[in-house]
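Below are some comments on the model you sent. Please read them with the structure open.

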Amino acid sequence: MRFISTRDSSQSATLSQALLDGLAPDGGLYVPEELPSLPSERFSNLSHIKYIAQRLLTPFFEGDRLESALPEICDETFAFNIPLRELERRTSVLELFHGPTAAFKDVGARFLASCISRLNEGAEEPVTILVATSGDTGGAVAAAFYGKPNVEVIVLYPQGRVSPRQEKQLTCWDDNVWTYAVDGDFDDCQRMVKAAFADDWWQENVRLSSANSINIGRLLPQMTYYAAASAWYWQRHRVEPGFIVPSGNLGNVLACLYAREVGLPIGDVVLATNANRSVVDFLNSGDWRAFDTVQTLANAMDVGDPSNMERLRHMWPDVATVRSKIRAFAVDDEDIVEQIRRGPERWGQVWDPHTACAVHVREQLDSEDWIVVATAHPAKFNDVVEPILQREVSIPAGLAELLERPNHVETVAPKLEALQQAYVQRRRQDP
Ligand SMILES: *Cc1c(COP(=O)(O)O)cnc(C)c1O
């Protein structure tokens, strides 16, 4: 299978190349040249999710140098539980938060780490993943690459602008993961990353790569849990369930749409956004317009200009088609608070602010069969959830273990030269 750029289909790459490049050379995003057709019966005799992943991803790996490693990559990625739990008749929840950093981004990050570590086997120099984070992505990437051979990670985050628990998940690493607190905001961090990729010193001295959410290697494995959940649901109820997906950059929902396109028994796909409503307005008006980002309680979805919109519109250039494939609802902070508040009584659940958006949308929809996608554990966003519920939220064991570790972090000025200096010094101490 080849992967083409959304901007020019004559620009194509192998899977490995697309994983290492991140962005296509023309600035577009890589997408599969065509989606394979995988009738859902092919999944009916598989129970463990790692085997579902293997079968689903085989066509995407065909002809690539990683092809023979796919079973191991799936083993390493899907080493934690992804349960589908029925809450009441016609409403289930797909819990994607049992990974090391308690959010669904663990799946994509672990898959990418397994791939990139293997692609760099036998090379003299490690690949260095440089990542700017406003909170969630950096933790998942650091956890996924930690201890992997042939790769290092440099994480930049804005000092004092992430929650205490997020900060812990960014700074509890050592070994091949180096974390820097930038004395600036997230835009400064992102600017430094972009500058490094264009800088002579970094290009000559460090083999840089990226792991951000536009990498196709984060998106492909996320199809797996939609395949698994829909196949399990179908086996039990003989109904195609709809999915309600809390969405920001649209990577997760796109994975769901890909899974439906390849033939899995998925009904309606509905996006739940927070007050950042650019997709909702697009579906209403038919004109695509990005907005400035609004800060909300579901901050991992605070995105005014979703990066995967480019993939969505490439797949379905005509807005009427998009309207026939998805629906979208925006949920404001007031409704997020209300859903969290009554979660324990109404559903017997403590929701995190992102999942709360999807639950709110579930309550607006009619009585078809719905699977609410839970993207994070509430303990990860305890600073939002606990004041609303006025009690502590218990912490899953994996997350608790991270929170106990010592911090390793260095503060740098919001300038690429400052990062270079800190990096060179650390290299000398720790070659
Ligand atoms: C990143 C994130 C989202 C948004 O996912 P996209 O793929 O960017 O749409 C939703 N919920 C949580 C908890 C996240 O970390």
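1. A definition is needed before the sheet is discussed: two strands pair if DSSP finds at least two bridges between them. The model is a predicted one. With that in mind, Thr273 has Ala330 of S12 as its bridge partner. Strand S11 (residues 269-273) and S12 run parallel and are joined by 5 bridges.

2. The sheet is open and has 6 strands with mixed pairing, in the order S4-S5-S13-S10-S11-S12. Its edges are strand S4 (84-88) and strand S12 (326-330); each has a single partner strand, so one side of each lacks a neighbour in the sheet. From one strand to the next, the twist averages 25°.

3. Two helices that pack on this sheet deserve a look. Helix H10 (residues 251-261) touches strand S10 (242-246), S11, S12 and strand S13 (370-374), and its direction makes about 180° with that of S11. Helix H11 (residues 278-285) touches S11 and S12, and its direction makes about 125° with that of S12.

4. Glu88 stands opposite Thr91 in S5. The hairpin of S4 and S5 has 2 residues between the strands, and Arg90 takes a positive phi near 75° there.

5. Which residues have the most contacts inside the largest nonpolar core? They are Phe61, Phe145, Tyr226 and Phe243, in a core of 99 residues. Helix H9 (residues 216-237) supplies the largest share of this core, 11 residues. Leaving aside residues up to four places away in sequence, Phe145 touches Ala109, Leu112, Ala113, Ile116, Ile129, Val151, Val153, Asn176 and Ala211. Another core, of 28 residues, lies apart from the largest one; Ala102, Ala272, Val385 and Val393 are among its members.

6. The last point concerns a helix pair. Helix H14 (residues 333-347) and helix H15 (residues 353-364) pack at an angle of about 80°, and their axes are 9 Å apart. Angles of 65 to 115 degrees count as roughly perpendicular, so H14 is roughly perpendicular to H15. On the H14 side the contact is made by Asp335, Ile336, Gln339, Ile340, Arg342, Arg346 and Trp347. H15 contributes Pro353, Ala356, Cys357, Val359, His360 and Glu363. By class, this contact has 7 nonpolar, 2 polar and 4 charged residues.

How values were computed:
Residues are numbered from 1 along each chain as its sequence is written. This is a predicted model: local features need pLDDT of at least 70, side-chain atom pairs count only at pLDDT 80 or more; totals for chains, interfaces and linings use all residues. Side-chain values use heavy atoms; hydrogens and water are left out. Axes are lines fitted to C-alpha atoms, for helices over the stretch in contact, and angles run from 0 to 180 degrees between N-to-C directions. Helices (H or I, at least four residues) and strands (E, at least two) are DSSP runs, numbered from the N terminus. Angles under 35 degrees count as roughly parallel, over 145 as roughly antiparallel, 65 to 115 as roughly perpendicular and the rest as oblique. Contact means heavy atoms within 4.5 Å. Ala, Val, Leu, Ile, Met, Phe, Trp, Tyr, Cys and Pro count as nonpolar, Asp, Glu, Lys and Arg as charged, and the others, Gly among them, as polar. A nonpolar core is a set of buried Ala, Val, Leu, Ile, Met, Phe, Trp, Tyr and Cys residues joined through side-chain atoms within 4.5 Å. Buried means under 20% relative accessible area, exposed over 50%, partly exposed in between (1.4 Å probe, protein chains only).
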